[in-house]
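Subject: Structure handover

Hello,

Here is the structure we talked about passing on.

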Amino acid sequence: MKLRLQPLTLLCQIVMFWLGMHSGIAQAMDTPCPTQQSLSHAFKSGATWTLCADVSETHGLTVSTLRYRAPGDFDRNVLQRMHLGQLLLHYHDQRDALAQISPLSGAAQGISQTRTLPMNTHACDGDIINTVNGGVCSRIKNNRTLAKYAQRPSLHSQSWELTSAFRRGALTWSTTVTLTEDGTVRPSVSLSGRLHRRNDNIAFAAPIPALTNAQPLVRATLLSTWKLVFDLDTDAPDRVEQFDFILDPTRNNRRTMQVSAIETETLKQVERDQFRGWRIIDASGSGYYLDPAKSGFSYISQNMNWAQFDVGFTRFKPCEVYALSNRLLTNNNDCADSLDDFVSGESLQGAQPVMWYNQSRTISPSQEHWPVIADILLTFDLLPFDWTGSSPFEVIE
Amino acid sequence: MSLYLLSPPHLLRLLVLLSAVLSTCVGTVHAQTVNATSDTQPGIQCTADARITEVFDNGAVWDMCWESRIRENLVLSDVYYTPPGGQPFRVLASARLSQLHVAYDDSDVTYNDVTQYGLGGGYLLTLANADCPNGQLLNIQSRPALCRWRGTAETGYRTASRATKTQSLNLFSVSQVGAYAYIIAWTFYADGAFEPGVGATGALQRSSDNTELPFGRVLQGDPDTLWLSHTHNYYWRLDFDIGSSATDDQFSEQRFVLAEDGTRQFQQQVFTTEQARRLDPDTQQTWKISDNGLPNSPAFVIEPLSSGHRFERKDVEPDTDYDFFVTVANDCERFASQNARFNPDCLNHVLQYVDNQSIENQDLVLWHRVSFHHVPRNEDQRHMHTHWDGFVIQPENLLSGTNNLAGQPNTSPVFNAIAERRTNTQELVHENLLATDPDGDVLTYLATGLPPGIRLSAQGHLHGKATVAGAYQVSVSARDDHDETTTEFSWVVADPTQSSKSGGLIHWVTLMLLLLIVGSRLRWVYS
């Protein structure tokens, strides 16, 4: 792990620090990052990520004070904090989904109180960073081709992956934040461990052919929710924009780009036919774009309104941490209890925006998931969008 | 000298043998893999330099032929997968990208790159080692143009004590069409999954000097140019031949529908005719092609996970109204659009191929479209970072169990001693059956033979009230991540109400006997 400081970068950082000290904008403040949790990685190109990594007993990996330095650029804030905001698991033969981020029912039912899984050489093929609660697995991975043009040599890049894991009963959940050399932030969560719920009704369950006399295993639908507290670039408040590309069949099927400001707390859905996406943008014009290209499925629920939306935007409030069971989990009855309550029509102007992003998928048991589930992965990309004036990798050549 | 002694057939055989030995040596040196399967494997018909065999650490093998065509570029054929410890299993007769449709938001220009230009031939880029830093370059005709490399998937499995990632074989070549460079990629995973993909890189293609138009963006440093937004629609053509017969595959669609009572109900529709299907995200719809019509036969499943963008312009291109097609294999039906351009006797686009023909006992072809809408950003200039699109095809009931799990060290769970149990009906039972696992794996429990009314939770918690008296032989198993241990115990459930009734009868009979005895003695005394 290297951190290169160039004179210009240092000067910029001093200026940015000064601006930050003298800004009147309220920001989400994190407690200082303990030394063992303060991490950085510098790629060969000079691109660098710095962050604070922690593992919560409640929700697993937390990344905070995330900063990216593009090659030739200086360190700039990206996210104040990111972590899982909830995980729902709906067994198909049940009426309600089970919140996987919720207080455990205790040893009386045979479940150990230990939730986070220790990172060791059997569970991590990278470096083990010994934070509390099991630690974090840190891996450097070669990416596919970053860029290629005609006969010019390809550009290649790497990613830095940070993973922690926890279990809930026999199920294991891995949370990973992947930070690519070109500035992309890729949160992901995957389900593994063992399915054990059984039901004879094949409307809800799938038989495992290899287990001739066993009851079928119940299918389940997942919903993962990431909470992303933005703090882009300068200390000026970030804004939220929605991009839509509206097809007009009456005008030769042209598609008009519509960029609309989201100025109050709201829940939104993916509009596949309009290629809808969302940008968080700083006063400097630098932004990050959430393109839901990997949004395959929607989650339908009869009793949780928020879960039926793909994305939510709220004004930052320290006590609004979990999309469901927030009061219980934060032990704070003065705070709202779910994302439905967080979205109360308050203005986002001048506030630090929080993005809540949902993704869903169904696991249908088969031999490939027996006895241990082959990872069911849910992932998405936050792309730097006008973060730099051009590709910062041109200078490499 | 001895060659003169060989007859022509013998000479030919010797040359073939020498060629095979040479190609095997070259393959070993360059590919760093081992040919696990015999060259005589049925169904694989290509020369050694057109064949790729990848043997993974778990023993799984992907085996296939490849070629580069002028239009489609990479075409894979005779694709076999051998599961760990299993036999070679035929998957595909052929697989290829069958159209690369690009529509600009101003609607002035639409490209069909595969048929208008082609991805092979002169559009194929010669690759240098720098383009394939972690792999090996293979020649297309006489120039290096295909990169083959071993990678690692994002997925595998994780237990409480162990995690692994799945290995992958990656193939790609690059086609330069206009300003765009398309990376035509195929990934084959050690767990039997495979993934067609395209990476779009190069440079932005079209712009306008009217910066007021709402069809694109002006990028930094070039205030007089509007770079136009556009959609890439990738169409893949997959000719499945699953298992031993090419004509017994079955195509179905699965949905998981939320019912009024809150449950989600599985619905499967097996199709008997050609189909064009639309995405249905609300029901978490998937598509499956199975080896045959038998229940739970090996299959491959497509989950449309990368469907956040969906292109539609159905009045002029009616096929864009659909995302997935299944047709009967027909050599005439080669491209998803502009097909008649090369063969006027054939139909023109994939929706026309769907003409209600029966797909029962036919060779089936699946066509899948994935869209990506590209909004220009500063980072796209001058050369774009690759945006990748594709989809994963997952095996179902093809492996015998979780990939990579077999062979891992494990110690089975051990039950604490379970004594014979005696309880009464309607007596509340509320206790744990416990086993321990030396590896620290999480255990789940399952029981058979329990008295009616008693349940065992997956966590080992016995709970309930027995409702029927009797003697029961209970079998309980504790499962760790690899194995399970089973033990048995007897459980007698008595009915206290029956006991008191029978006890009263005994007491009554005893009393009567006593009275009789006393009575008889009294008679004796008085007599």
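Confidence

This is a predicted model. The predictor gives the complex an ipTM of 0.91 and a pTM of 0.88. For chain B the average pLDDT is 88, and 87% of the residues score at least 70. Residues 1–38 of chain B have pLDDT below 50, and in the model this stretch has 26 contacts beyond near neighbours in sequence.

Chain layout

Chain A contains three helices and 24 strands. Of its 397 residues, 54% are buried. Among the contacts in chain A with a separation of 6 or more, 63% are between residues 24 or more positions apart.

Chain B is divided into domain 1 (32–396), domain 2 (414–494) and domain 3 (501–527). Taken over C-alpha atoms, the centres of domain 1 and domain 3 of chain B are separated by 94 Å.

Nonpolar cores

The largest nonpolar core has 112 residues, and A:V63, A:L228, A:Y288 and A:M355 are those with the most contacts inside it. Strand 15 (residues 220–233) of chain A supplies the largest share of this core, eight residues. At least three residues of this core come from each of domain 1 (32–396) and domain 2 (414–494) of chain B. Another core, of 93 residues, lies apart from it and includes B:F56, B:A95, B:A193 and B:I242.

Two of the residues named above can be followed further. Leaving aside neighbours within four places in sequence, A:V63 is in contact with A:L51, A:A53, A:M82, A:L162 and A:V177. B:I242 sits in the loop between strand 14 and strand 15 (250–258) of chain B. B:I242 counts as buried because it has 24 C-beta neighbours inside 10 Å, where the cut-off is 20 or more. Again leaving aside neighbours within four places in sequence, the contacts of B:I242 are B:R90, B:V91, B:D249, B:I289, B:D291, B:P298 and B:F300. The C-alpha atoms of B:I242 and B:E379 are separated by 43 Å, with the two residues 137 apart along the chain.

Strand 21 of chain B

Strand 21 (residues 364–374) of chain B is largely enclosed by the rest of the structure, because eleven of its eleven residues are buried. Both faces of this strand are covered. On one side the buried residues are B:L364, B:L366, B:H368, B:V370, B:F372 and B:H374; on the other they are B:V365, B:W367, B:R369, B:S371 and B:H373. In a regular strand the side chains alternate between the two faces of the sheet.

Which strands does strand 21 of chain B pair with? Strand 14 (residues 230–240) of chain B runs antiparallel to it and is joined to it by ten bridges. In that pairing B:L366 is the bridge partner of B:L238. Strand 20 (residues 324–328) of chain B also pairs with strand 21 of chain B in the antiparallel sense, over five bridges, and there B:V328 stands opposite B:L364.

Strand 21 of chain A

Strand 18 (residues 266–268) of chain A pairs with it in the antiparallel sense over three bridges, with A:K268 opposite A:V311. Strand 22 (residues 353–363) of chain A pairs with strand 21 of chain A in the antiparallel sense over five bridges. Here A:F313 stands opposite A:M355, and A:M355 is one of the residues with the most contacts inside the largest nonpolar core.

A three-stranded sheet in chain B

Three strands of chain B form an open sheet in the order 11-13-12, with antiparallel pairing. Strand 11 (207–208) and strand 12 (216–218) are the edge strands, each pairing on one side only. Strand 12 and strand 13 (residues 226–228) of chain B pair over three bridges, and B:R217 stands opposite B:W227.

Contact between the chains

The contact takes 91 residues from chain B and 88 residues from chain A. On the side of chain B that touches chain A, strand 7 (residues 143–158) of chain B gives the largest share, five residues. The residues of that side divide into 29 nonpolar, 41 polar and 21 charged.

Regards

Key. Residues are numbered from 1 along each chain as its sequence is written. Chains are lettered from A and ligands numbered from 1 in the order in which they are written. This is a predicted model: local features need pLDDT of at least 70, side-chain atom pairs count only at pLDDT 80 or more; totals for chains, interfaces and linings use all residues. Helices (H or I, at least four residues) and strands (E, at least two) are DSSP runs, numbered from the N terminus. A residue is buried if 20 or more other C-beta atoms lie within 10 Å of its own, exposed if 12 or fewer, and partly exposed in between; C-beta atoms are placed from the backbone. Two residues are in contact if their C-beta atoms, placed from the backbone, lie within 7 Å. Two strands pair if DSSP finds at least two bridges between them. pLDDT is the predictor's confidence in each residue, from 0 to 100. A nonpolar core is a set of buried Ala, Val, Leu, Ile, Met, Phe, Trp, Tyr and Cys residues joined through C-beta atoms within 7 Å. Domain bounds come from an automatic or database domain assignment. Ala, Val, Leu, Ile, Met, Phe, Trp, Tyr, Cys and Pro count as nonpolar, Asp, Glu, Lys and Arg as charged, and the others, Gly among them, as polar.
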